[in-house]
Amino acid sequence: MKLLAPAFCCLLSAAARAQTAAPAPPADSVRLSYWATSLKAGLNANESLLSDNWKGGGASTVGLSALFNGKATYHRGRHTWANQADFLFAFQYAKNQGYRKTLDRLWADTNYGYDLTKKWGLFTSINLLTQFAAGYQYTDDQARLVSNFFAPAYITSSYGIEFHPSTRFKLRLSPFSPRLTVVRDIARFQGAPTDVIYGVNPGHSTRWEVLAAQALAELDQPLGPNANLKARYVLFGNYETFTPQKIDHRLDLTLTAKVNKYINVSLSGIVIYDYDQDATVQYSQSLAIGILLSRERAATAK
C-alpha cells in the first residue's frame with residue numbers, strides 16, 4: 001500500500017499534465033454550411049367600433065391578416081439554388097355584412113443559377129402563383145364566386161439571364177418562359193357556357209402559353225434600422241399576342257416598420273393588369289398593426 005500511494009499520485013499528475021497540454025480545437029472546425037435561410041411570420045389586426053346610433057354612418061369591423069415568408073438559398077462556387085415561399089391572407093368581418101376576404105396570395109419559387117460573373121448569371125426557374133380561398137365579387141348585397149384555390153393558378157417555367165448586383169436585389173430576364181394557366185372546375189365561374197375564364201376556353205381546365213417571355217424583379221431593402229421594403233414586379237407577355245394592351249403586369253409591395261422587437265406596422269399593396277382577368281387595372285391595399293417574428297441564418301461557407 002505504501003508503494004501504491006506514490007504511484008497513484010504520479011498517475012494523477014500525469015493525467016493533469018496531459019489535459020493541460022491537450023490542444024484546443026481549431027477555430028475553423030465550426031461546421032460549414034452553404035445554406036442561408038430566413039423566416040418571417042406575422043399576425044396583424046385592425047378594427048373599428050361604432051355605436052348603433054352613430055350618425056356618421058358605416059359599420060363596426062374587425063380584420064386579421066397573416067403573412068409568412070421563407071427563403072432557403074444554397075450557394076457554392078458558381079452554383080446557386082434559391083427557394084422561396086411567400087404567403088399572405090387577410091379578411092375582414094363587418095357588422096351586417098359578414099366575412100369578406102381582402103388579401104390572398106400563395107407564391108412559391110425555386111431557381112437554379114450559374115454565375116458567369118459576380119453580378120450576372122444564367123438561370124432556370126419554376127414558380128407558382130395562386131390563392132388559398134374562394135374570392136367573391138359583391139354587388140347589391142349579392143356575392144358571386146370569381147376565383148378559388150387553383151382557379152386561377154399560374155405555373156411558369158423560365159430560362160434566361162439574371163442580374164444580381166447584391167443580395168437585396170435581383171432581375172431575371174427570360175426570353176423563353178412557358179406558362180400554364182389552371183382554372184379548376186371552370187363551370188363554377190361561367191355566366192354562359194361560352195365564357196372564357198382567365199384565358200381558359202370553355203370545356204377546358206388549362207391553357208398553355210409556350211412561346212412567351214417574362215421579366216421578374218425583386219427588392220428586399222432595409223429602410224434604416226427599423227423599417228423594410230419588400231417588392232416584387234412580374235411582367236409576362238405571350239409572343240402570339242405581344243401588344244402593349246395584352247402584356248401582363250403585377251406589382252406586390254410590403255412596407256414594414258418595427259415599433260419594438262415584436263410589434264410592427266405593415267402597409268401592403270398589390271397592383272395587377274391582366275387583360276385575361278379584366279380590361280382595367282386592379283389594386284388592393286391594407287394597413288395593419290401586429291406581431292412579426294423573424295429569424296435569419298447566414299451561410300458559413302461559400
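**Note on ring contacts, a surface patch and salt bridges**

1. Tyr34, Trp35, Tyr74 and Trp81 are joined into a cluster by ring pairs, where rings of Phe, Tyr and Trp (its six-membered ring) pair if their centres lie within 6.5 Å, and planes under 30 degrees apart count as stacked, over 60 as edge-to-face and the rest as tilted. The model is a predicted one, in which local features need pLDDT of at least 70 and side-chain atom pairs count only at pLDDT 80 or more, while totals for chains, interfaces and linings use all residues. Residues are numbered from 1 along each chain as its sequence is written, and side-chain values use heavy atoms, with hydrogens and water left out.

2. The structure holds 11 aromatic pairs. In one of them, the ring centres of phenylalanine 91 and tyrosine 99 are 5.4 Å apart and the planes stand at 45°, so this pair is tilted. Phenylalanine 91, at 26% relative accessibility, counts as partly exposed, and tyrosine 99 counts as partly exposed at 43%; here buried means under 20% relative accessible area, exposed over 50%, and partly exposed in between (1.4 Å probe, protein chains only).

3. Tryptophan 120 and phenylalanine 163 form an aromatic pair that is also tilted, with 4.7 Å from centre to centre and 35° between the planes. This pair links distant parts of the chain, since tryptophan 120 belongs to strand β5 (residues 120-130) and phenylalanine 163 to strand β8 (residues 153-166), 43 residues apart. Strands (E, at least two residues) and helices (H or I, at least four) are DSSP runs, numbered from the N terminus. Tryptophan 120 is partly exposed at 36% relative accessibility, and phenylalanine 163 is partly exposed at 23%.

4. The charged end of arginine 100 sits over the ring of tyrosine 138, 3.9 Å from its centre, and arginine 179 lies over the face of phenylalanine 236, at 3.8 Å from the ring centre; the rule asks for NZ of Lys or CZ of Arg within 6 Å of the ring centre and within 35 degrees of the ring normal.

5. On the surface, Trp81, Tyr112, Tyr114, Leu116, Trp120, Leu122, Ile161 and Leu173 form a nonpolar patch with about 700 Å² of accessible area together. Such a patch is made of residues with over 30% relative accessible area and no salt bridge, with nonpolar side chains (Val, Leu, Ile, Met, Phe, Trp, Tyr) joined within 5 Å. Strands β4 (98-115) and β5 each supply at least two residues of the patch, and leucine 116, in the loop between β4 and β5, is partly exposed with a relative accessible area of 41%.

6. The count comes to 16 salt bridges, a salt bridge being a side-chain nitrogen of Lys or Arg within 4 Å of a carboxyl oxygen of Asp or Glu. Arginine 172 and aspartate 109 meet in one of them (2.9 Å, N to O); arginine 172 lies in strand β9 (residues 169-176) and aspartate 109 in strand β4, so the pair ties together parts that are 63 residues apart in sequence. Arginine 172 is buried at 3% relative accessible area, and aspartate 109 is buried at 6%.

7. Arginine 188 and aspartate 185 meet in a salt bridge at 3.3 Å, N to O, with arginine 188 partly exposed at 30% and aspartate 185 partly exposed at 44%. Arginine 250 and aspartate 252, by contrast, are both buried, and their side chains meet in a salt bridge at 2.8 Å, N to O. Salt bridges that share partners join Asp86, Arg105, Lys170, Glu218, Arg232, Arg250 and Asp252 into one network.

Technical notes:
Patch = residues over 30% accessible without salt bridge, like charges linked within 9 Å, V, L, I, M, F, W, Y side chains within 5 Å. Areas by Shrake-Rupley, 256 points an atom, 1.4 Å probe, with all protein chains shown as cover.
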